[in-house]
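The points are grouped by topic and may be read alongside the coordinates.

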Amino acid sequence: MSYLNNPAIVMDNGTGLTKLGFAGNDSPSWVFPTAIATAQRSNTKATGASSGSSSIQNSGTPYFGNSTSATSFNSLAASALMSNNLAGKRGTEDLDFYIGNEALSASQGPSYSLSYPIRHGQVENWDHMERFWENSIFKYLRTEPEDHFFLLTEPPLNPPENREQVAEIFFESFNCAGLYIAVQAVLALAASWTSSKVVDRSLTGTVIDSGDGVTHVIPVAEGYVIGSAIKNIPIAGRDITLFIQSLLRERGEEDTSLRTAERLKQEYCYVCSDIVKEFNKFDRDPQKFAQFIVENTEKTKRKVIDVGYERFLAPEIFFNPEIASSDFLTPLPTVVDQTIQACPIDVRKGLYNNIVLSGGSTMFKDFGRRLQRDLKGIVNQRIALSESLSGTRSTGVDVQVISHRRQRNAVWFGGSLLAQTAEFKSYCHTKQDYEEIGPEIVRNFSLFNMV
Amino acid sequence: MPAYHSTFAADSLNDRMVGNVVLLPLKTNFRGPAYQANSDYDIIDECLDLFRANSFFKNFEIRSPADRVLIYGILFVNECLSQLKSSTSYNEALKILTNVALGDFAVPGTPRFPLNNVYSVPVQSHAEMDLLKSYIQQFRQELATRLLERLYADSKEGPSKFWLGFTRRRFMNKSL
């Protein structure tokens, strides 16, 4: 029972980034791209041929086919050594991979191909994902899975079969002590408890989760996701970056790479209250124009880029999608309102009252304030209409958008909060439970009832 | 929040109208039929203020006759910008834009005008069409002059690159 005092491991595998760390910490110990670089197919073919021929070699024939690649073994001694055990029959190509930033740099070379095992929040390639987890645990966290409980995250509406697959990998491949799979939106709600605005620690609220690829609006009532009301917006971090890039190109700036656009987004952008007023502010106060300097890696050349209206125009595409896209035209506040209106009437007040932001693309200054103002406008208009139609006074709806310091890694942080509690382990399914009942045990997890 | 609308209230009883276009008063020294504006802020200032914001919008719902003047103004600003280069000096720009403003242009209602579906003007009445044409002429001259002030506010060497960046944007997907 050596695992009893070890902190749980919290892993949040997102489409873009993976967050890894130990429960109880403030921030994840590792954040890196959810990417894996595996040996190229041409190499695997070559080693496949050699492993096929290893049976011949076992019978004494010193013939190894034409395995000439540097990554597969081509020396006589090595093959003879390897052929005595299972690894010799299988080859080592399945150990030849990198994850995260190493994967990105490895894929620059010719012998590795890069892939992203998670698409739209869900695992697409289980083989790659298993190897990704393997490296995460042994190479990055450097822990023994037998000694730790694991908290993993899943997107809302994840099919239960995917959970079972995760459980199989974690219990059978890694032999982990215990497992809990939490919905990302619920963890993001838990993360908002650190904000001073939150008075009661309830798991009711609307989560706006905006990462790189897509923005979700997810209503959660008492810990349960209201799946029928979830809405997606095809506007997120990458669209903002592309929009900045197009503005830079229209102005003919010296450097219009995506990398530059992304850094401008992270360092200079903010949400304004009204774009016409903001244009006039720029006219009156030239201080608002900024300059951004790009240096090449050898620091020999410098490029100066003027930063102008994109500072406030770029995040504006959440509130006025029309300025950047031609097919999606509904502003974020309207989508949030529609989402909440699609929920059962008895939870709507709670959902309006606790709108929680999560993800990197919600980090713009005053994002929460603008969302709250616009949403309040929509709600008050509807209340006024219903009051005039019914002739009765409404008790009013309190709209509150909560931003907090942990927003960027909110899901991971929420997981860290929950997994450090004493009760956490009693909510997990243990290895013993798994062996007794089987993978279908993970179809249900009891909810945290935090007081 | 959709595109921005004109704040000038126009009603067909008090204001001079040609078809569904209102001839709003202007602050200008150019000769023409417009009345002198009695406030500091006229439709031309509004066109220049809203140009940058509205350039991003492809849809625009016309709410008042003043919006039609606004649309014309924004499209004209865009046309002016397309004539300038980043190296054009103030004096050259003055010449170019004066030519653009005074040059031949399509009056709403005539076949060359791109937005005839939103402008309805009495094409048969020569007097009214002449009035509209001379009003637009005056409007173009004044707008071009004030646009130049904004473009060359920082230096007389070249126009503001932040304004020139809007050249390729097409308000309502149209250009004059």
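In which strand of chain A does A:Pro219 lie? A:Pro219 belongs to strand β12 of chain A. The structure is a predicted model. Chain A comprises 17 helices and 19 strands, and 40% of its 451 residues count as buried.

**A:Pro219 and its surroundings**

- A:Pro219 has 29 C-beta neighbours inside 10 Å and therefore counts as buried, the threshold being 20 or more.
- Leaving out residues up to four places away in sequence, A:Pro219 touches A:Thr206, A:Ile226, A:Ala229, A:Thr339, A:Ile340, A:Cys343 and A:Leu351.
- A:Pro219 and A:Val347 are 128 residues apart along the chain, while their C-alpha atoms are separated by 9.5 Å.
- Across chain A, residues 24 or more positions apart account for 68% of the contacts with a separation of 6 or more.

**Strand β11 of chain A and its partners**

- Strand β12 (residues 215–221) of chain A runs antiparallel to β11(A), and 6 bridges join the two.
- β11(A) and β12(A) make up a hairpin, with 4 residues between them.
- Within this pairing, A:Gly205 has A:Val220 of β12(A) as its bridge partner.
- β11(A) also pairs with strand β17 (residues 355–358) of chain A, in the parallel sense and over 4 bridges.
- In β17(A), A:Ser358 is the residue that stands opposite A:Asp209.
- Strand β11 (residues 205–210) of chain A is mostly covered, with 6 of its 6 residues buried.
- A:Gly205, A:Val207 and A:Asp209 point one way from β11(A), whereas A:Thr206, A:Ile208 and A:Ser210 point the other way; all are buried.

**A three-stranded sheet in chain A**

- An open sheet in chain A is formed by 3 strands in the order β5-β4-β6, with antiparallel pairing.
- β5 (97–99) and β6 (112–115) of chain A stand at the edges with a single partner strand each, so one side of each has no neighbour in the sheet.
- From one strand to the next, the twist averages 20°.
- Strand β4 (residues 36–39) of chain A pairs with β6(A) over 4 bridges in the antiparallel sense.
- A:Thr38 has A:Ser113 of β6(A) opposite it.
- Helix α5 (residues 126–141) of chain A lies across β4, β5 and β6 of chain A, and runs at about 70° to β5(A).

**Nonpolar cores**

- The largest nonpolar core has 130 residues, and those with the most contacts inside it are A:Phe150, A:Leu179, B:Cys47 and B:Val77.
- Helix α2 (residues 65–83) of chain B gives the most to this core, contributing 11 residues.
- A second, separate core has 12 residues, among them A:Ile36, A:Ala37, A:Tyr98 and A:Trp133.
- Apart from neighbours within four places in sequence, B:Val77 is in contact with B:Cys47, B:Leu48, B:Phe51, B:Leu143 and B:Leu147.

**Covered helices**

- Helix α7 (residues 184–191) of chain A is mostly covered, since 8 of its 8 residues are buried.
- The buried residues of α7(A) include A:Val186, A:Leu187 and A:Leu189, along with A:Gln184.
- Helix α4 (residues 126–151) of chain B has 26 residues, which at 1.5 Å a residue should span 38 Å; its end C-alpha atoms are 37 Å apart, in agreement with that value.
- Among the buried residues of α4(B) are B:Leu132, B:Tyr135, B:Ile136, B:Phe139, B:Leu143 and B:Leu147, as well as B:Arg140, B:Gln141 and B:Glu142.
- The elements that cover the buried residues of α4(B) include β1 (17–18), β2 (21–22), α1, α2, α3 (90–102) and α5 of chain B.

**Contact between chains A and B**

- The contact involves 15 residues from chain A and 14 residues from chain B.
- On the side of chain B that touches chain A, α1 (43–54) and α5 (161–164) of chain B each supply at least two residues.
- α1(B) provides the largest share of that side, 4 residues.
- By class, the side of chain B that touches chain A has 7 nonpolar, 5 charged and 2 polar residues.

Note on methods:
Residues numbered from 1 in each chain as written. Chains lettered and ligands numbered in written order. Predicted model: local features only at pLDDT ≥ 70, side-chain atom pairs only at ≥ 80, totals over all residues. Core = buried A, V, L, I, M, F, W, Y, C linked by C-beta atoms within 7 Å. Contact = placed C-beta atoms within 7 Å. Pairing = 2+ DSSP bridges. Axes fitted to C-alpha atoms, helices over the stretch in contact; angles between N-to-C directions. Nonpolar A, V, L, I, M, F, W, Y, C, P; charged D, E, K, R; others polar. Expected span 1.5 Å × (residues − 1).
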